[in-house]
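Colleague: I would like to know what stands behind the terms used for this structure. Please set each value against its definition.

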Amino acid sequence: MKILIVEDEKDLSNSITTYMRNENFICEAVMNYEDAIEKLYLYNYDVVIVDITLPDGNGLELIRELKNNRSRAGIIIISARNALNDKINGLELGADDYLTKPFHLSELNARIKSLIRRRSFDGKNEIVVNELKIDFELLTVHVNDLLLNLTKKEYDLLLYLLMNKNRVISKESIAEHLYGDHIDLVDSFDFLYSHVKNLRKKITDYGGRDYIRTVYGIGYKFALP
Amino acid sequence: MIIFTAGGIIFYNIVRTIVIRQITNSLITEKKLIEEQILNSDTIPDFTTIFGHDIEVAIFNRPFRVTQYIGDTIIIKKSDAKSYRYRYLQATGMFRNNMGYYRGYSIKTYKSLSDTQKLILNLFIVIWLALISMLALLSAVNLYISKKLWIPFYTILSQLSKYNINENLHLNLTPSGIREFDQLNRALNAMSERIRADFINLKEFTEDASHEIHTPLAIIKSKIELLFQSENLTKEQLKNIRTIYDAVSRLARLNNSLLLISRIQNQQYPEVKEVMLSSLIEKFLSHFEELIQQKKITIEKNYNVQTTLIINPDLAEILISNLLGNALKHNIQNGTLSIQLDDHELTITNTGKPLDFDPHNLFKRFRKGNHSGDSTGLGLSIVKKIIDPYKFNIEYSTRENIHTLNLRF
């Protein structure tokens, strides 16, 4: 999977590249509109991550260009301007997702994976991790072929952890993923704990292994050996 | 009025003095006439026919010293038994008649003061009435003119008091056609334009600054997330990273909330729709389901399902989620949350610890209790900012650890 990152902030671009390389994506980063156009003409990418404000152009133009060339790349906008118009314009032009800075790398990763999943037309809409089987179409989870009775949030939580497997994910990132970021809920961490506890219990009750590790003070990690 | 009264008294006295002097003079003249008569003819003239008032004249066979005395007296008339004020002159003198004898005489003439007093009083009343009516006329004319003259002033005043810089309109005072007021208009228009430009500039600055802060925050956040992934961190290092991360997250939340407030103030949510409140409340109750279960909160609902609100849909979501989130966040274990929705009213009542600050500050920025942790303290301030342009009203009341927020629309 190849990803192009168009972001003029070098440090942020580096962070994204580092994180995504660890997910075994092939990452390339450019810092301006001109370079991005050049790369897009030369190579094919599966996902393009675009910052809207670029020093020599507008990210929205880049999206228009991609769509004009009938590119099949998935597009995720990352923008500091959390303006409704930008979001609507971007999505109308054909972008697949929109993230506002500052975002969690784990969130970006989950969005990229979900985008790739939606775009892959090989009919594969489930992932199997040892005894776990997750069906994206039906939103169900099986353990050892037994159907788990999960709430919507527990399902989302498991999927988010799995998308960022072997990664430490902060509690904030999970809370924001589950509850949205305009909610100023401090208590959310407390019941995040009980969420995770319930999820663990449901999986182990059906004979699954306990994959979820608590990382002291920070968050959780879905550990696959 | 005081001046008029004082003036009246002074005027009265002056006139009175003049009249009295006049009377005195005429008394003296009379006396001289009588004296002349006596000196020439040695007889008592019949003066009553001449002067028409009381004169007492007597001639004696012995001389008198020459004296003259003028004074006031009161005489009771027999005809109507009333007393009258008189001024009188009493004089004595002596002469030699043509036969060579020295003779004396005494003259006493009176003049009534009552008549003149009446005259003065009448005069006074006439003048007083004339003055008063003149004054009344003058003030009426004055009032009329000033009223007409001040019309443009009051127009400006009402336009100024209606002007609200938050409504993002130009002041545009209407020209009055009067030079001075038009000058005032121009000055005020120019001033309001400057203030408006500064205000807009400031608002834009807030928004731009918020946007600019997003990027460095994103960098910090992403770097910390990468740090988390390091395998060989000590517990102490993890704790420090954790603290930094918390602070950055809080800063990001704060920045987002401030940006939201500044956007609402900049009227960047113009489009409105009819929003069904009950379904919105249901949506967020299910959104907060786990939190409700966690705290074992009992929900009491009493809806008018049909209640709608004409509002921006995005703001409606933020409004309801903030109100419900607030009622849940500050709730206690095993508490209750009651939601009452009528045609023009939404009342949210929740159990919770007592406020440890003045309830008047509840809707102000950064106002939060001691047990609110790292909450931004902007939630209810955002609520207030959302409802203000729609002219809705929100009120807080509390009774025995029960907190009520009442939103009327």
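Modeller: The contact between the chains takes 37 residues from chain B and 36 residues from chain A, where two residues are in contact if their C-beta atoms, placed from the backbone, lie within 7 Å. This is a predicted model, in which local features need pLDDT of at least 70 and side-chain atom pairs count only at pLDDT 80 or more, while totals for chains, interfaces and linings use all residues. Residues are numbered from 1 along each chain as its sequence is written, and chains are lettered from A and ligands numbered from 1 in the order in which they are written.

Colleague: Which element gives the largest share of the side of chain B that touches chain A?

Modeller: α4(B), with 12 residues. Helices (H or I, at least four residues) and strands (E, at least two) are DSSP runs, numbered from the N terminus.

Colleague: What makes the length of α5(B) agree with its number of residues?

Modeller: The expected span is 1.5 Å times one less than the number of residues. For the 31 residues of α5(B) that gives 45 Å, and the end C-alpha atoms are 45 Å apart, so the two agree.

Colleague: Why are β10(B) and β11(B) called paired?

Modeller: Two strands pair if DSSP finds at least two bridges between them. Strands β10 (residues 393-399) and β11 (residues 402-408) of chain B run antiparallel and are joined by 7 bridges, so they meet the definition. The strands form a hairpin with 2 residues between them, and Glu400(B) in the turn has a positive phi of about 45°.
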